[in-house]
Amino acid sequence: MDMWWKVAVVLVMCWGLTSSEAREEHHDSSPRTAMFRAPLDFGFVPSVVYETHAYYEPGPIGVLFHMVHAFLYVVQPNPFPKDLIVNMVQQNMGGIKGDDYKKPENVVLLLQAIYYELGFIVLTVLGVLFVLFMPIVGLCFCLCRCCENCGGEMHQRQKKNGDCLRGFYMATLIATSVFLAVGVTITYAANQNITSQIKSTRRLVSTNIRDLKSFANYTPVQIDYLAAQYTTAKNRVLSDLDNIGTLLGGQIHNQLEREVVPALDNALRMTAVKVEGAIKAMREAKESLESVTTSLETLQEGTGRLQNSLQSERASLSNTLNDQACSNGDVTHTCSTIRGTLSQLALSANFNGLPEVEGPLANLDAVLETDLSNIVQKGYSSFNDTPRMVREQTKGIVSEVKGLLDKSCGEIIGFTKMFPVEPALENFTKFLTESQKNIEAYYPQIDQLDFYRWIGCVVICCMVVLVLAFNFLGLLCGSCGYDKNATPTARGCLSNTGGNLLMASVGFSFIFSWVLMGVVVTTFVVGGNIEKLVCEPLANRQIFKIIDTPYLVHPAKKNVLPGMLFQDPNIDLTIGSMYRDCYENNGLYSALQLETKFNFNKFLNATVYSLEMAKLFNSVNVDLQGMLLLEQEGKDNLIDFANTGIGEIDYQAYLTEVNKGVTVVDLLSYANELEAQADQLRRGALENALKGHASSIRQIHKDQVVPMEQAMGTLSQSIKLLQKTSRELPIKVTNVLNAIEAAEYLISNNVSHVVKQETEKFIKNIVGYFSQYTAWVKHSLAMEVAQCKPISNIVDSLEIVACSFIVDSVNTFWFGLGGCCMLLIPSIIISVKLAKFYRRMDTEDVYDDGAENWS
């Protein structure tokens, strides 16, 4: 079994180096964040199902086993003497020489051992006395009987209670014989149990060896699976690197939205509002300039026509007033009054001298050819272009990392080729096959030895059965042939034969009892002590505490197992801890604590996550300094807008002319007044002529003055709006430029901590893939790879075979046989007493009155 352990260790040592152990510092310092994808799925390590079920249920005979255990507990109730055994081994490690046994410490140990074995010693002494005195007592009894002593005379004294005594002796002998039969049945059952468990032993041997082969065959497959899963981590790293723009850039963008955008969005919105305001101002200014141009053209054209109309009407009215009708005395005053107002029919405002606005309008048209509304969209587009910027800036690093990953994969594959795994597996399999053949070669010899043992035990049982046979035959013949009316000298042949058979039972009891007790004492001492000192501590694992006691074997060697396997006894590895790990079906790597001799951290640092790769990841730097919300062309456009010449227009000249009105007098009032004066005249041609002139003046007002007044109103509004715009325009342009510069500064300077933070998270996430892989490998090596249940099964199988199959059966054997030996004593006494009532006597009691009294 030690060789199997060593070969298994070699397998794991060779193949374990192809895998990786988790880098605890990365695993602990690389928290998973919600920004990236789910943890890696490495699947399930190929598992093996072992056949051996190291569990034994004895069945009905288990009741006998428990009885024996209870008896042994009564004989030896002391707890397992761990300290005593350790002290004895350590103090006498070199053997007892000369008078060493007289040393006080050895004397104390001897007394402690005697005290522990006191129950066995007492029973052994009693058994030895039985063996020694039983033949002597039998010889003396025989000699006395031959000398007609000790009941040897063939004369039976008649007693009144003779029938009661005979019945009592017969009942007692029957009960004793029944118990003897039970004892011999127990003895035979124990003997038969050993033989019947031989096949189970073969099954355990076969399944244990098959399990060891499965252990050897599956271990490289499992290790290959661990090494192959490096590709899973590698592919995930490559996938994240290929999508670094979306993952890192997108996360930077998202974090900016959460942390910076409250300020950034305000800046962008402010910029948008100000840009839209500027655009609105530009459009309003353009509309106003266009309105001024249109209105001015309308007014200048209308002024010429109105002036001609007024001159014509003034001349016509003057001709009417110069008519003869105005020479009459009562009309002359009215005509003179009207003639005095003719000068009021003239223009008040002069729009021909106002400055032109075609120049500012042309400049504004040129500015508006550039779409300033695109400024905001460009700003957001530049901000949303973060993933592309990240991808472009990290393109070189991604390429180098891919090369390092390919290099690491090649190193792992090359490393697995360095060890002669296949020859080791082949040799181990051959060893198991040869061992199985060698063990199976002993099966015929074992069967033969077991047959001899079985025959010997059957012979021993037959000794007791022979005594039982004589007892039962004697009881049968004596009971059937007994005639209570017959005198002792006249008893029948059948009754006499029953008595002789009982005496034969006594003789064979004397002959066999000491032999049987010798067997009982021998098996009791051996089997009982093995049960108490080996089987019980093996069942409760106390025996491992003795074997694992530090410095038990050698004062300079702390632990036995690592000293045997690794030549390093100072490793904190014990057989008990190894058994517990294997019993729980953990990996051999964990059970043997191979990390103390084969630490995979160096290999992992050189392959999975090397210093070169760490430096490369640490060199990742994302720079958003180049993000612009407004290019220089847009800024120049805004400046050009402020310099279109709108502010240089003579707005006061426009407002002065507009405020004058179209004509000197209101034509409608003038017409009404003229018509009122005409009504004061007598009816006639002059009245009608004046009323006709009043109507013409109203028509001129309606057709020419009203449109000019409307044009003047529009011109007034446009001029006022332009005047206001010219005052606010520089401020608006300055505010727009300042807002854009503030937003750009916020992006290029104040988000650096966000970029750094998210870059570190991305790198930790990439490193986390390697940490997941190494942690998974470590867990798999400890729990799933090379599961060493077959090793604990070997120990448990040895316990089952040695203790449950053999020791328990042997102890049950001596327990039943010992009971038979003890029952032989009352059987002898009662048989002698009862035979007196069945055998034919030579003489009998004679009474003087000639009447025989047999009652």
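Predicted model: local features only at pLDDT ≥ 70, side-chain atom pairs only at ≥ 80, totals over all residues.

H8 covers residues 198-228, which makes 31 residues. From its first C-alpha to its last it reaches 45 Å, close to the 45 Å expected at 1.5 Å a residue.

Next come the helix pairs. Two packed helices are described by the angle between their axes and the distance between the axes. Helix H7 (residues 162-196) can be followed through two such pairs, one with H30 and one with H17.

Take helix H30, residues 789-838, to begin with. The axes of H7 and H30 come within 7 Å and cross at roughly 160 degrees. Angles over 145 degrees count as roughly antiparallel, so H7 and H30 are roughly antiparallel to each other. H7 passes H30 in a left-handed crossing. Which classes of residue make up this contact of H7 with H30? The contact divides into 23 nonpolar, 12 polar and 2 charged residues.

Now turn to helix H17, residues 443-481. H7 and H17 pack at an angle of about 165 degrees, and their axes are 10 Å apart. By the cut-off of 145 degrees, H7 and H17 are therefore roughly antiparallel to each other. The crossing of H7 and H17 is left-handed. In the contact of H7 with H17 there are 18 nonpolar, 7 polar and 2 charged residues.

Conventions:
Residues numbered from 1 in each chain as written. Heavy atoms only, no water. Helix = DSSP H or I, 4+ residues; strand = E, 2+ residues; numbered from the N terminus. Expected span 1.5 Å × (residues − 1). Axes fitted to C-alpha atoms, helices over the stretch in contact; angles between N-to-C directions. Parallel < 35°, antiparallel > 145°, perpendicular 65-115°, else oblique. Left-handed = near helix turned anticlockwise from the far one by under 90°. Nonpolar A, V, L, I, M, F, W, Y, C, P; charged D, E, K, R; others polar.
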